Amino acid sequence: MPRAAPSQINESAIIELRARLTDIRQLNFTAKPGPYSRTGWAGRGEARVQVSDDDDGLRFHESGEFTPAATGIAVAFRNVYRWVLHADHISLWHERFGRDAAVWLFDLVPTTPREMVAAKSHRCGDDRYDARLRVADEGFDLRWAIAGPRKDETLMYKYRP
C-alpha cells in the first residue's frame, strides 16, 4: 500500500487536532518522577478548560487543582496555553507571564495523522522538555518528558471534551 506523502500527513494531523482543540473542556494529568529525579514531583491534577479562539491562536485557560502525592493537599493552579496552527506544525506557547510575554515551548510536527512530536526540545536552564501528542477518540493526550541535572519527570495530560 502506498504511504502518504509528508504534506498529506501534516495536513491530516493538523485538521484532526484542530477539530478537537475547540471542544476541550477538561484536563486530567499525572506527574511521575523517574529514577534520576531530585525533585520527586509526583501527583495528580484536574482542571476546567475554557477555550478562546483569538486572532493569534487558540487559548486554553486552565483552572484547577494539583494534589502532590507527598502531602495529599490540593493546591490551586492556573495556566494559559496558546496553540498556534500552521500548515505543517503547531506551536505551543505558555502565557505564564501574560499574553505579551508568552514563553515559546516547542513546535509540534506530525509523525502520523494522529501523532505529533516536538521538533526540538525546549530548554529551560539546564532542563530539557520534550513532548508527544496523540489524538484520542475523544480529545487528545500530551506527554511531557522533562530531563536535567535535577529533573526526571513525566507528565501525562489528558484533554477531553
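With which residue does Arg 128 form a salt bridge, and how far apart are the closest N and O atoms?

Modeller: Arg 128 pairs with Asp 130, and their closest N and O atoms are 3.3 Å apart. A salt bridge here is a side-chain nitrogen of Lys or Arg within 4 Å of a carboxyl oxygen of Asp or Glu. Please note that this is a predicted model, in which local features need pLDDT of at least 70 and side-chain atom pairs count only at pLDDT 80 or more, while totals for chains, interfaces and linings use all residues. Residues are numbered from 1 along each chain as its sequence is written, and side-chain values use heavy atoms, with hydrogens and water left out.

Both partners are partly exposed: Arg 128 has a relative accessible area of 33%, and Asp 130 has a relative accessibility of 25%. In these terms, buried means under 20% relative accessible area, exposed means over 50%, and partly exposed lies in between (1.4 Å probe, protein chains only).

The salt-bridge count comes to 17. Among them is the pair of Arg 114 and Glu 16, with an N to O distance of 3.3 Å. Arg 114 lies in the loop between β6 (103-112) and β7 (115-118) and Glu 16 in helix α1 (residues 6-21), so this bridge ties together parts that are 98 residues apart in sequence. Helices (H or I, at least four residues) and strands (E, at least two) are DSSP runs, numbered from the N terminus. Arg 114 is partly exposed at 34% relative accessible area, and Glu 16 is likewise partly exposed, at 23%.

A further bridge joins Asp 141 and Arg 160, at 2.9 Å from N to O. Since Asp 141 belongs to strand β10 (residues 140-147) and Arg 160 to strand β11 (residues 152-160), the pair ties together parts 19 residues apart in sequence. Asp 141 is buried, with a relative accessible area of 17%.

Salt bridges also link Asp 54, Asp 56, Arg 59, Arg 82, Glu 95 and Arg 99 in a network. Val 80 is itself partly exposed, with a relative accessible area of 22%.
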